[in-house]
Amino acid sequence: MTTHSPLSAPMIDPFGRAVSYLRVSVTDRCDFRCAYCMSENMTFLPKADLLSLEELDRLCSAFVERGVKKLRITGGEPLVRRDIMTLFRGLSRHLSAGALEELTVTTNGSQLARLAGELADCGVKRINVSLDTLDAEKFRAITRWGALDKVLAGIDAAQAAGLTVKINAVALKDFNEDEFVPMIRWAHGRDMDITFIEVMPLGEIEGQRVDQYLPLRQVEADLAGQFTLDASTHRTGGPARYVTARETGGRIGFITPLTHNFCESCNRVRLTCTGTLFMCLGQEDAVDLRKPLRASESNDALMAAIDRAIAAKPKGHDFIIDRTTRQPAVSRHMSVTGG
Ligand code: SAM
Ligand code: SF4
């Protein structure tokens, strides 16, 4: 029988789910202002509140010690944080040691042309790039500040560096629904999986969520008219459910927090750039890890705080988007908790 010292015991929540996946938002800032994610005039956290890269490394390493096998660096836009590659380089030691199985990143792609090679050098093998349209004007409209050609050059650089790229697209009513088929053909033609995400009610934005929300059940039914879709057993440790398009041989994923509750198999917790641990993307339950982290060089208080957090992991979220529910389910934006 394996015994664990209390400091390295695996993290099992009250519903018997083992927590093996940590998502870390390393900054709430971004060089884009995607209309469903941020408002145009965002107030960002004061830089002094942010954990340093050394503190982020120490926290991530504590989670690896507690059984986290998959670490995803996200944001905001993670690759705009200054010296971010220092964090990747540091964390790559857990890959070499075999304690961590995967180090990965979710990015808008704007910095990839510059950083893809270094990410690959740090042991990153797969990355998610968010891309909601292949039309340069629509891309500018939805991201407000982004440029499509830069992101496409970033994807080229990532593939040239040997990274496996998955495309994430948020399904937005009256915006990109007519592009799903060409986007799938484009992604599969470049050997990339593509996952569609339902828009979630996170944070105040301009406009109404109900005007953006497109149920993926409907999207999948429409796609079945264009492709022969076979159910796939493919899992990435994340919440997506996959099908394979027989015509292209590529995979299409669906992340459906609203139409299909994905909480039963939730293995994740999320850390913000200020050291707050959220146990669920869609609930307010949180534990501050910055204070115990800074209180002492020993990790005892930190590990105790992590135990308290895991013991309080909620069963699931209660997202609703309809005409009568005008408030976001949670007030924080996706860029704070990390997508
Ligand atoms: N900036 C990076 C990016 O865009 O990939 C990483 C952070 S971003 C918050 C992570 C993912 O969350 C992106 O794929 C984005 O499209 C998605 N996202 C942002 N706000 C969302 C919302 N309200 N509902 C659903 N997905 C959202
Ligand atoms: Fe930035 Fe990503 Fe949010 Fe777009 S989705 S504003 S790229 S954090």
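Here is a short exchange about how the terms applied to this predicted model follow from their cut-offs.

User: What should I keep in mind about the numbering and the values?
Analyst: Happy to start there: residues count from 1 along each chain as its sequence is written, while chains are lettered from A and ligands numbered from 1 in the order in which they are written. The model is predicted, with local features needing pLDDT of at least 70, side-chain atom pairs counting only at pLDDT 80 or more, and totals for chains, interfaces and linings using all residues; side-chain values use heavy atoms, leaving out hydrogens and water.

User: How many helices and strands are there in the protein?
Analyst: The protein has 10 helices and 12 strands. These are DSSP runs numbered from the N terminus, a helix being H or I over at least four residues and a strand being E over at least two.

User: Why is I127 called buried?
Analyst: Buried means under 20% relative accessible area, exposed means over 50%, and partly exposed lies in between, using a 1.4 Å probe and protein chains only. I127 has a relative accessible area of 1%, so I127 is buried. I127 sits in strand 4 (residues 126–130). Apart from neighbours within four places in sequence, the contacts of I127 (heavy atoms within 4.5 Å) include T104, V105, L112 and A158.

User: What makes S92 and G250 buried?
Analyst: S92, in helix 2 (residues 84–96), has a relative accessible area of 15%, so S92 counts as buried. G250 belongs to the loop between strand 8 (241–245) and strand 9 (251–255); its relative accessibility is 10%, so G250 counts as buried. Not counting residues up to four places away in sequence, S92 touches L103 and C122, and G250 touches H188, V243, T244 and A245. Across the protein, buried residues make up 56% of the 339 residues.

User: Why is the pair of F32 and F139 called edge-to-face?
Analyst: Rings of Phe, Tyr and Trp (its six-membered ring) pair if their centres lie within 6.5 Å; planes under 30 degrees apart count as stacked, over 60 as edge-to-face and the rest as tilted. The centres of F32 and F139 are 5.9 Å apart and their planes stand at 85 degrees, so this pair is edge-to-face. F32 lies in the loop between strand 1 (21–25) and helix 1 (53–65) and F139 in helix 4 (residues 136–143), so the pair ties together parts 107 residues apart in sequence. Both F32 and F139 are buried.

User: And what makes the pair of F180 and F196 tilted?
Analyst: Here the ring centres of F180 and F196 are 4.7 Å apart and the planes are at 50 degrees, so the pair is tilted. F180 in helix 6 (residues 180–189) and F196 in strand 6 (residues 193–198) are 16 residues apart. The search of the whole structure finds 2 aromatic pairs.

User: How do you know that K138 lies over the face of F175?
Analyst: A charge sits over a ring if NZ of Lys or CZ of Arg is within 6 Å of the ring centre and within 35 degrees of the ring normal. K138 is placed over the face of F175, at 5.3 Å from the ring centre.

User: Which residues surround ligand 2?
Analyst: Ligand 2 is surrounded by C30, F32, C34, C37, M38, G76 and N108, where near means a heavy atom within 4 Å. By class, this shell has 5 nonpolar, 2 polar and no charged residues. Ala, Val, Leu, Ile, Met, Phe, Trp, Tyr, Cys and Pro count as nonpolar, Asp, Glu, Lys and Arg as charged, and the others, Gly among them, as polar.
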